[in-house]
Amino acid sequence: MHATDITVKGFIGGLEKAFIIPPYQRNYAWGLEQCLELFGDIMRCVDTNGTHYIGNVVYYLGENSGGSFTELILVDGQQRITTLLLLLCALRDVTNDKNLQVVINEQYLCNKGATEDYRIRLKQTVADADSFIAIIDGVCPQESSGNVVKNYEDFKKKLSVCPDKHKAVLDAIARIQLVDVNLQISSTSKDSLRIVQTIFEKINSTGKPLSQADLIRNFLLIAPSVEKQNKWHKNYWLMIEKNLGADNISAFARDFLRMIWCEEIRESDTYRDFKDYVSEDKAGDQELVLKELLRFSKPYAWLLSISCPDESLNRELQMLRNLRSNDFAPLVLYLIDRLYGSALSELRRIIHLIVDFLLRMRIASPTTGSGTTRSLLFGLIRKMRDGGENAIDCTYDSILFELSNSPTLAGEFPSDMKFATALQGTFYPPYARELLLRIEEYETKNIPVDISKVTVEHLMPQTLSDWWKRNLGGYENAERIRLTCTNTVGNFAIVSQGYNSSMSNKPWHEKRKALEDVQFTVTSSVASIEQWNEEAILTRGNDLAIRATQAITSPLPRTRDYRSRLSSEVSEGLYPLLEGDDSLVGTSLSAVIFNGERKVCTTWSRLLSVVGAFLYSENPMLFDEAVRDVVWFSQDGSRVKRPVKISDSPWFCCGGGYDGMHFRNIAAKLAEKMDLLKDFQLEIVNPASND
């Protein structure tokens, strides 16, 4: 790295140069506030004949640099360079000084005699390129909501009121000082490009935080040549953005990793884990990963919006979204990728099953945590994808069997009895829509309108009018009925947007007439009931509960024992480090204790590194011998998944990609190999918190 103090005239002017903003950088983002500040600083330089420092410009030389011009790939400073050139364009276009116009064009804006690719000194990102080129060429840019045009026009207004200062403004811009930071790396070396990425992360950590998607884009699009960067950006990244929208890419990347690794990924760790995936699982092949992301981006878009070409599948995906199904995204993404092109009818049946499973869980097991759900779904993906002893087919029958035989009671597919019992209580109104739609679909084989236009109506209103209070037996009795019956299945009805919501608080005899015309039989049938009171609500609720168990897929009879007892049945305390013991599955680890010394360890995936640190400290030579040929350990981290450094040792160990039982088994085997197993204890605390 080489840093030099220099002026804008010396950096941008002088010998012919081409400044390249690579496609992985953010689009031009400076707004009015930043431009006003820069303009004010320059005008103070005009008045005082002084200078101004604008910071560092960090770059490396591109592979196309030669004797005729220099190609500078900008890592930091592109916002300032863009703004200065926009200011120079505005000055050129408002001044009457012909000589000034020539100087600006030839010394700052263009490379005279260069090819079209390098004619303009600053090559913008795709989003801003057309507007920027038009301004450089002196052509009135088309209407644009981008900051390039807005800032250029604002600079013109400011400069037009001080025509006598135009020459002084150019001189002040030329005197502006910056630090020219040449990274002095090879643009053709992958190691050097990784250095660029690291520097980029450090630089941007001090400014406006980049999103996880921004960081992933930067990481994937860094390539030895600008041509390759542009190719990857055009052929892959822009297509991914088109499919998903830029705001959804961070969530997509996280769910993609959850599908691949079958483990939970913290939102804040998405970029870090994604780098591990590219580097370790895909041997650093960025284009291969871009192809993968593009492939999965289309089905993921179907999960986000009503856009699946198959109408039947689209309806199921819409119901899934309505049931707050974020945890199911990795499984559904995997299933669509496997089956959409080869077994569409089977895919429809499976997604229908998943909707029914989730609907029963939402109503009958509302306290089941997402940790239990994710564990169950990740297990399904592993069994369908990885083969081996526990492999299952990617079919409706196999998935129904697995869901019906959940490894723990907490993730149990609710039975008809449990489901019907839960329907006698109160529950979240939006789930009532999906429930009643399922009954309607099962009984009539038809949903006559777009389900996004279907809403839930309370037959007895949530706020009781005087009429309702009188007809429910007076204020006290009406209030009791309102509290106990308002949000029960018997009081819910589905209607389309054509139903007039102003009917909500009307007397029952008026409401009945409106309900007669509702196109859903599960709703219009209540119009035959003369009095809507507690008895009517409970009677209808019992009837709908029975019909729901028939309409919504039931689990198969259980044929497999639970894998372990509930984590809530495990007491807090100390437990031995044992291999093959599943009694702690689902519990929360707090610390590891070795010969009375306690080290905090709050995740099972870090158990191996903590146990390893104890073992290495106890006997380094024996530890080296014990792990030398074990695939879960490596001295450079290159051969293990998601490597974690073992403290005070030269070793890395596997730190992710498997469940807690896996790490407990490996740690126990290693401790036993060194004859120290009996000296370890695991501290379990708040055992049910994972769920």
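**Strand pairing**

I looked up Ser-634 and found that its bridge partner in β14 is Phe-652. The model is predicted, with local features needing pLDDT of at least 70 and side-chain atom pairs counting only at pLDDT 80 or more, while totals for chains, interfaces and linings use all residues. I number residues from 1 along each chain as its sequence is written, and side-chain values use heavy atoms, with hydrogens and water left out.

β12 and β14 (residues 652–654) run antiparallel, joined by two bridges. I count two strands as paired if DSSP finds at least two bridges between them; strands are DSSP runs of E, at least two residues, and helices are runs of H or I, at least four, numbered from the N terminus. The open sheet here has three strands, in the order β12-β14-β13, with antiparallel pairing. β12 (633–634) and β13 (643–645) each have a single partner strand, so one side of each lacks a neighbour in the sheet.

β9 (residues 573–576) pairs antiparallel with β15 over four bridges, and Leu-574 stands opposite Glu-683.

**Nonpolar cores**

Of its 134 residues, Leu-220, Leu-335 and Leu-435 touch the most other members. Helix α16 (residues 344–364) gives this core the most, 12 residues.

Definitions and conventions:
A nonpolar core is a set of buried Ala, Val, Leu, Ile, Met, Phe, Trp, Tyr and Cys residues joined through side-chain atoms within 4.5 Å. Buried means under 20% relative accessible area, exposed over 50%, partly exposed in between (1.4 Å probe, protein chains only).
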